[in-house]
Amino acid sequence: MSAESDERSGGAATAARGSVTGDAAAPAGLVLGSRAPGFVRRRRTLHLSWQVGVFIVGFAVVVAGVIMLPLPGPGWLVIFAGMAIWATEFVWAQLVLHWTKRKVTEAAQRALDPKVRRRNIILTTVGLVVVGVLSGVYLWNFGIEMPWRIEQ
């Protein structure tokens, strides 16, 4: 809770929070802590209520994203949106979101490597050829048969 006491004291402590994250990969310019308006942060009860509200809204969005994983919808995008909502108020969510962004950036850089791209194109082509051959064999043996009978 030292981040909250730093916020209430204001001044240089707020600027120094980025360097006291405990995350070696966090950039020095990353400001951690609550982004609630100043009048909310100054009143402890109001700030706690604000945090509970942010947590509930973020939790609802994350749950909706988890539900969308097996169902139609942008599940992962909604989960990350819920994490971003949490990150407006909670340091742990800011660190998780920062770590996730870093890992996604690293994966994108690896995917742009020419050797990896060539391998991925070859594997995709081989996979499509295998699926095409298996589909052709299935259709040759069984033909196209609808699972229902339409009487005309």
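This is a predicted model: local features need pLDDT of at least 70, side-chain atom pairs count only at pLDDT 80 or more; totals for chains, interfaces and linings use all residues.
**Close-up views of ring pairs and a nonpolar patch**

View 1. The model holds seven aromatic pairs. In this one, the ring centres of F55 and W86 lie 5.3 Å apart and the planes meet at 15 degrees, so the pair is stacked.

**View 2. F90 stacks with W92.** The ring centres of F90 and W92 are 6.1 Å apart. Their planes lie at 25 degrees, so this pair counts as stacked, the limit being under 30 degrees. F90 is buried, with a relative accessible area of 15%. W92 is partly exposed, at 44% relative accessibility. W92 belongs to helix α6.

**View 3. Ring pairs build a cluster.** Five residues take part: F55, F59, W86, F90 and W92. Ring pairs link them.

**View 4. A nonpolar patch lies on the surface.** The patch is formed by L48, V52, F55, I56, F59, V63, I67, L71, W92 and V96. Together they have about 920 Å² of accessible area. Helix α4 (44-68) gives the largest share, seven residues. Helix α6 (91-111) also supplies at least two. F55, F59 and W92 belong to the patch and also to the ring cluster.

Notes: Residues are numbered from 1 along each chain as its sequence is written. Side-chain values use heavy atoms; hydrogens and water are left out. Patches are made of residues with over 30% relative accessible area and no salt bridge: like charges are joined within 9 Å, nonpolar side chains (Val, Leu, Ile, Met, Phe, Trp, Tyr) within 5 Å. Accessible areas come from the Shrake-Rupley method with a 1.4 Å probe; for residues, only the protein chains shown count as cover. A salt bridge is a side-chain nitrogen of Lys or Arg within 4 Å of a carboxyl oxygen of Asp or Glu. Helices (H or I, at least four residues) and strands (E, at least two) are DSSP runs, numbered from the N terminus. Rings of Phe, Tyr and Trp (its six-membered ring) pair if their centres lie within 6.5 Å; planes under 30 degrees apart count as stacked, over 60 as edge-to-face and the rest as tilted. Buried means under 20% relative accessible area, exposed over 50%, partly exposed in between (1.4 Å probe, protein chains only).
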